[in-house]
Amino acid sequence: MAIKDTDNSKFSPINDEARSELSDLRSFASSLVGRFQPGHVLTQTADDFETLQRLCEVGAMQHANYGAWVAVGVAFGDALMNYIPGLEWCLESDQYGTNAALRFRQSGLSIAVLTMLWKRVERGEPIDIIHLASELNTIVSCHGA
């Protein structure tokens, strides 16, 4: 799973450029939901898990590009923040570069939600949004204990 607990990463607050990019990705995810699930909207709450699951199961999404899956990952991250207290968007820098991630309470625990879904698509694995959210909640809860 795309979660790590490390002291090797450096974290910083989301800057204006990253905030704008996340906003654009949220808009793209919302447009995908509107296109494939008319009448449904993203609320940045756990209620989105079912909507995102249905979106992941749309045939067209199986052929979607990296950018579309990153946008869905941002929507998933927004819902996770509401579902798992203590998560916040940050910029994480490591040996691979700097990317937006979810960080748990100023710790070294981070979740790479931007690529979490895409990597499963690349490997041909099924995506179960509710299961992923539950597993992440368990991992974060154990870390916080």
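Which residue in β4 is the bridge partner of Ser93? That partner is Thr98. Before we look around, a word on the model.

## About the model

This is a predicted model, where local features need pLDDT of at least 70 and side-chain atom pairs count only at pLDDT 80 or more, while totals for chains, interfaces and linings use all residues. Residues are numbered from 1 along each chain as its sequence is written, and side-chain values use heavy atoms, with hydrogens and water left out.

Strand β3 covers residues 87-94 and runs antiparallel to β4, with eight bridges joining them. (Strands are DSSP runs of E with at least two residues, helices are runs of H or I with at least four residues, and both are numbered from the N terminus; two strands pair if DSSP finds at least two bridges between them.) The hairpin from β3 to β4 goes through two residues.

Next, β4 pairs with β5, again in the antiparallel sense, over two bridges. Here Leu102 stands opposite Ile111 in β5.

## The loop between β4 and β5

The hairpin of β4 and β5 has four residues between the strands. Arg105 sits in this loop, and its phi is near 40 degrees, a positive value in a residue other than glycine. Gln106 is in the loop too, with a positive phi of about 60 degrees although it is not a glycine.

Are these residues buried or exposed? Arg105 is exposed, at 52% relative accessible area, and Gln106 is exposed as well, at 55%. (Exposed means over 50% relative accessible area, buried under 20%, and partly exposed in between, using a 1.4 Å probe and protein chains only.)

Ser107 also has its place in the loop between β4 (97-104) and β5 (109-111), but Ser107 is buried, with a relative accessible area of 16%. Leaving aside residues up to four places away in sequence, Ser107 touches Phe11 and His143; touching means contact, with heavy atoms within 4.5 Å. A polar atom of the Ser107 side chain lies 3.1 Å from the backbone nitrogen of Leu109.

## Two helices crossing

Helix α1 (residues 16-36) packs against helix α3 (residues 66-83) at an angle of about 100 degrees, with axes 8 Å apart. (Axes are lines fitted to C-alpha atoms over the stretch in contact, and angles run from 0 to 180 degrees between N-to-C directions.) That makes α1 and α3 roughly perpendicular to each other, a label for angles of 65 to 115 degrees.

Who makes the contact? On the α1 side, the residues include Leu22, Phe28 and Leu32, and on the α3 side, Val70, Val74 and Asp78 are among them.

Methods
Angles under 35 degrees count as roughly parallel, over 145 as roughly antiparallel, 65 to 115 as roughly perpendicular and the rest as oblique. A polar contact is a pair of N or O atoms within 3.5 Å; within protein, one must be able to donate a hydrogen and the other to accept it, and residues adjacent in sequence count only if both atoms are side-chain atoms.
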